[in-house]
Amino acid sequence: MGFWAFFLPMEHIPQELLQSFRPPAFHHSYFLSFEGIEGSGKTTQIRRTKEFLEERNFRVLILREPGGTTFGEHLRQAVLSTTTQLHPLAEAYLFAASRAQLLHEVVMKELSIPNTVVICDRYIDSTLVYQGKARNLGHRLVLEIHQHFPLNLTPHITFFLEIGLKTSKDRQRIRNNPKDYFEGQGEGFYRKLIEGYQEVRELFPARIFTLDGELVPDEVFAKIQQQLIGLIKADAPVEKDGSRS
Ligand code: TYD
């Protein structure tokens, strides 16, 4: 962090803006998202979450962002394969457009069916972190873009897999995948992503559950499992004796 960064005022986000975000209210259906920088282990934990919930008789859908609809997949291609640098606002609106369509076409319809869980691999926090922080648009502007229905719908729980820069680099080296538009950015970009996730989890402390992504996958999943059990229990019908089924 540069010397002057200590004197930069924290961006002011009005409470009314933060309060316009809420999870969808469907009975016994849940909306989850996973977040983290490259190499954080999202894919493994999403797969395990799906298996765990299916064993408990939930219908589970995994959606990726950007994408998840025909229109969204076109946008995904457009963004991730571009060879010209996009304006940060162009990026933010493209991701928001893909998300609005995904909510309209898939998420809302699926969640209206009881016993459904929709898991998003990345959601609004990615836009806050990648475009709001790393591309310097600011969190407030990104939240304003999302403040109207259906973009103001948030997951019930967001699992944020936190890893350091070194772990991300080591895991990327092992994978050796070709780099897309964002992944080819330098170390400064990744540092901003890490900082961005810290800020975003402070904005939404009740929704974002942080996990130590440096731990082995079994240990990470044990913590996710506890949260899932708590979520399902809190919503279960109350029995005559006051207990939840
Ligand atoms: P993807 O291949 O899905 O990356 P990952 O496996 O890391 O999830 O590509 C999505 C890329 O798009 C990723 O680098 C993060 C970026 N992104 C944004 O910049 N803003 C967003 O709102 C979203 C959803 C993704």
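Phe34 stands opposite Phe159 in β4, where a strand is a DSSP run of E with at least two residues, a helix is a DSSP run of H or I with at least four residues, and both are numbered from the N terminus. This is a predicted model, in which local features need pLDDT of at least 70 and side-chain atom pairs count only at pLDDT 80 or more, while totals for chains, interfaces and linings use all residues. Residues are numbered from 1 along each chain as its sequence is written.

**The sheet**

- Strand β1 (residues 30-35) and strand β4 (residues 157-162) pair in the parallel sense over four bridges, and two strands are said to pair if DSSP finds at least two bridges between them.
- Leu32 of this pairing stands opposite Ile157 in β4.
- β1 also pairs with β3 in the parallel sense, over five bridges, and here Tyr30 stands opposite Val117 in β3.
- The open sheet has five strands in the order β2-β3-β1-β4-β5, with parallel pairing, and its edge strands, each of which pairs on one side only, are β2 (59-64) and β5 (208-212).
- From one strand to the next, the twist averages 20 degrees.

**Burial and the core**

- Six of the six residues of β1 are buried, a word used when 20 or more other C-beta atoms lie within 10 Å of a residue's own, whereas 12 or fewer make it exposed and counts in between make it partly exposed, with C-beta atoms placed from the backbone.
- Both faces of β1 are covered, with Tyr30, Leu32 and Phe34 buried on one side and Phe31, Ser33 and Glu35 buried on the other.
- The largest nonpolar core has 46 residues, and among those with the most contacts inside it are Val117, Phe159 and Leu161; such a core is a set of buried Ala, Val, Leu, Ile, Met, Phe, Trp, Tyr and Cys residues joined through C-beta atoms within 7 Å.
- Helix α4 (residues 88-111) gives the largest share of this core, seven residues.
- Leaving aside neighbours within four places in sequence, Leu161 is in contact with residues including Phe34, Lys42, Leu211 and Val220, where contact requires C-beta atoms, placed from the backbone, to lie within 7 Å.

**Helices against the sheet**

- Helix α2 (residues 42-55) lies across β1, β2, β3 (116-121) and β4, running at about 180 degrees to β3; axes are lines fitted to C-alpha atoms, for helices over the stretch in contact, and angles run from 0 to 180 degrees between N-to-C directions.
- Helix α8 (residues 187-203) lies across β1, β4 and β5, and runs at about 150 degrees to β4.

**Around the ligand**

- The ligand is surrounded by 15 residues, the closest being Phe95, Ser126, Thr127, Tyr130 and Phe182, and a residue is near a molecule if its C-beta atom, placed from the backbone, lies within 6 Å of it.
- Helix α5 (residues 124-134) supplies the largest share of this shell, four residues.

**Backbone details**

- Most residues other than glycine have a negative phi, and most peptide bonds are trans.
- The peptide bond from Glu65 to Pro66 is cis, with omega near -5 degrees, and Pro66 lies in the loop between β2 and α3 (70-80).
- Arg122, in the loop between β3 and α5, has a positive phi near 80 degrees, and Arg122 counts as buried because 22 other C-beta atoms lie within 10 Å.

Methods: Contact = placed C-beta atoms within 7 Å.
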